[in-house]
Amino acid sequence: MKASNQIEVWKLFLDLRHSGSIRKTAEQYGRDSAEISRTLSKLEKELKVPLLDRRSRPFRLTETGEELFPLVEDMVGRYEELL
């Protein structure tokens, strides 16, 4: 299944934005930082656009990531309402 079709990946994207840290997000999920980074890299590769600027510390969302953020927030919120 494509990463973009998995709601958990989009939730991860939102949580990364809120925490501002891959390490903090990894701790929240009980996962390894490298695994979190690979998951987001897979999504970026699939979308053919970077979502995170990993060069900055703390990381920031790219312009595209910022544009997608409110759409993803709405999508995940609606999904959770359905549940």
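Analyst: **Core and helix packing**

Phe13 touches Leu40, Leu51, Leu61, Gly65, Phe69 and Val72, leaving out residues up to four places away in sequence. Touching, or contact, means heavy atoms within 4.5 Å. This is a predicted model: local features need pLDDT of at least 70, side-chain atom pairs count only at pLDDT 80 or more, and totals for chains, interfaces and linings use all residues. Residues are numbered from 1 along each chain as its sequence is written, and side-chain values use heavy atoms, without hydrogens or water.

Phe13, Leu16 and Leu40 touch the most other members of the largest nonpolar core, which has 19 residues. Such a core is a set of buried Ala, Val, Leu, Ile, Met, Phe, Trp, Tyr and Cys residues joined through side-chain atoms within 4.5 Å. Buried means under 20% relative accessible area, with a 1.4 Å probe and protein chains only. Helices α1, α2, α3 (33-47) and α4 (63-82) each supply at least two residues of this core. The largest share, seven residues, comes from α1. Helices here are DSSP runs (H or I, at least four residues), numbered from the N terminus.

Now the helix pair. α1 (residues 7-19) and α2 (residues 22-29) pack at about 125°, with axes 8 Å apart. Axes are lines fitted to C-alpha atoms over the stretch in contact, and angles run from 0 to 180 degrees between N-to-C directions. α1 is therefore oblique to α2. Lys11, Leu12, Asp15, Leu16 and Ser19 of α1 meet Ile22, Lys24, Thr25, Gln28 and Tyr29 of α2.

Definitions and conventions: Angles under 35 degrees count as roughly parallel, over 145 as roughly antiparallel, 65 to 115 as roughly perpendicular and the rest as oblique. Buried means under 20% relative accessible area, exposed over 50%, partly exposed in between (1.4 Å probe, protein chains only).
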